[in-house]
Amino acid sequence: MIECFSSRLYLVVSEDACMGRDLVLVTEMAVKGGVDLVQIREKHKDFAAFQSVTLRLKEMLDHYGVPLIVNDNLAVARSCCVSGIHVGNSDMLPADIKKLWHNDVLLGYSIEYEEQLFNSQIQHTDYLGVSPVFNTLTKNDTVTAWGLDGISKIRSLTDKPLVAIGNIHAENTYDVIRAGADCLAVVSAICGAENPEQAAAEIRNQIEKAI
């Protein structure tokens, strides 16, 4: 595991996921509960709208010392001077991102099938998103759910940090970490919770028990 990635609880946030509540306030509550890395994912906003909400979010997160990464939008990521970017199988290639952005940013790459582990893009990444671990309504364009056995298999094939995502919640957190994930990425179980701070704290508590 490389030293530059040490996060344990990773929030993936969007305005839709917050269900009408202010994205920045929901994220702040989650950070108070133990989230130590945030990704903003806004697939349907234009540049100006995405940039605006990202800057608001970054201002709050900077106060807590929590890094922010942007999902699949290099222009927004660069313009907001965030800590990194996360891309998927059908997004911009990690190698191309490294050519256009400085090398000390955090670069995450979603692994949706085993063969991706052996392509040349892996060497340019800082962590791998195992996506999805369990089936989820928030992301329906994936190949298959990995399950706990899938995490263990990926863990045996790479020493890259693994971030597990896909229907992660407090009840399955312990098992996912024990299967080989280094960090858990959560959407609905925190963003959609009545109390995001409490929801994050419960998941973080299970992570700490498992490591």
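Biologist: Before we get going, what does contact mean here?
Modeller: Two residues are in contact when they have heavy atoms within 4.5 Å. Among contacts in the protein chain between residues at least 6 apart in sequence, 58% join residues at least 24 apart.

Biologist: And what sort of model is it, and how are residues numbered?
Modeller: It's a predicted model, where local features need pLDDT of at least 70, side-chain atom pairs count only at pLDDT 80 or more, and totals for chains, interfaces and linings use all residues. Residues are numbered from 1 along each chain as its sequence is written, and side-chain values use heavy atoms, with hydrogens and water left out.

Biologist: How many helices and strands in the protein chain?
Modeller: Eight helices and eight strands. Those are DSSP runs numbered from the N terminus, with helices being H or I of at least four residues and strands E of at least two.

Biologist: How much of the chain is buried?
Modeller: Buried residues make up 53% of the 211 residues. Buried means under 20% relative accessible area, exposed is over 50%, and partly exposed sits in between (1.4 Å probe, protein chains only).

Biologist: OK, α6. Which of its residues are buried?
Modeller: In α6, residues 170-179, the buried ones are Ala170, Asn172, Thr173, Val176, Ile177 and Ala179. Down the axis of α6 they fall within an arc of 150°, so they line one face of the helix. The arc is taken from the directions from the helix axis to the C-beta atoms.

Biologist: Which exposed residues are on the face turned away from that buried side?
Modeller: Glu171 and Arg178.

Biologist: What do the buried residues of α6 pack against?
Modeller: They pack against α5 (147-157), β7 (162-165), β8 (183-186) and α8 (196-210).

Biologist: Let's take α5 then. How do the axes of α5 and α6 cross?
Modeller: At roughly 30°, and the axes come within 8 Å. That makes α5 roughly parallel to α6. For the cut-offs, angles under 35 degrees count as roughly parallel, over 145 as roughly antiparallel, 65 to 115 as roughly perpendicular and the rest as oblique. The axes are lines fitted to C-alpha atoms, for helices over the stretch in contact, with angles running from 0 to 180 degrees between N-to-C directions.

Biologist: Which residues meet there?
Modeller: Leu148, Ile151 and Ser152 from α5 meet Asp175, Val176 and Ala179 from α6. The residues of that contact divide into four nonpolar, one polar and one charged. Ala, Val, Leu, Ile, Met, Phe, Trp, Tyr, Cys and Pro count as nonpolar, Asp, Glu, Lys and Arg as charged, and the others, Gly among them, as polar.

Biologist: And which residues of α5 are buried?
Modeller: Gly147, Gly150, Ile151 and Ile154. Those fall within an arc of 100° seen down the axis of α5, so they line one face of the helix.

Biologist: Switching to backbone. Where is the cis peptide bond?
Modeller: From Ser131 to Pro132, with omega near -15°. Pro132 lies in the loop between β6 and α5.

Biologist: Which residues have a positive phi although not a glycine?
Modeller: Asp72 has one of about 50°, and Asn167 has one of about 60°. Asp72 lies in the loop between β3 (68-71) and α3 (74-79), while Asn167 is found in the loop between β7 and α6. Asn167 is partly exposed, with a relative accessible area of 40%.
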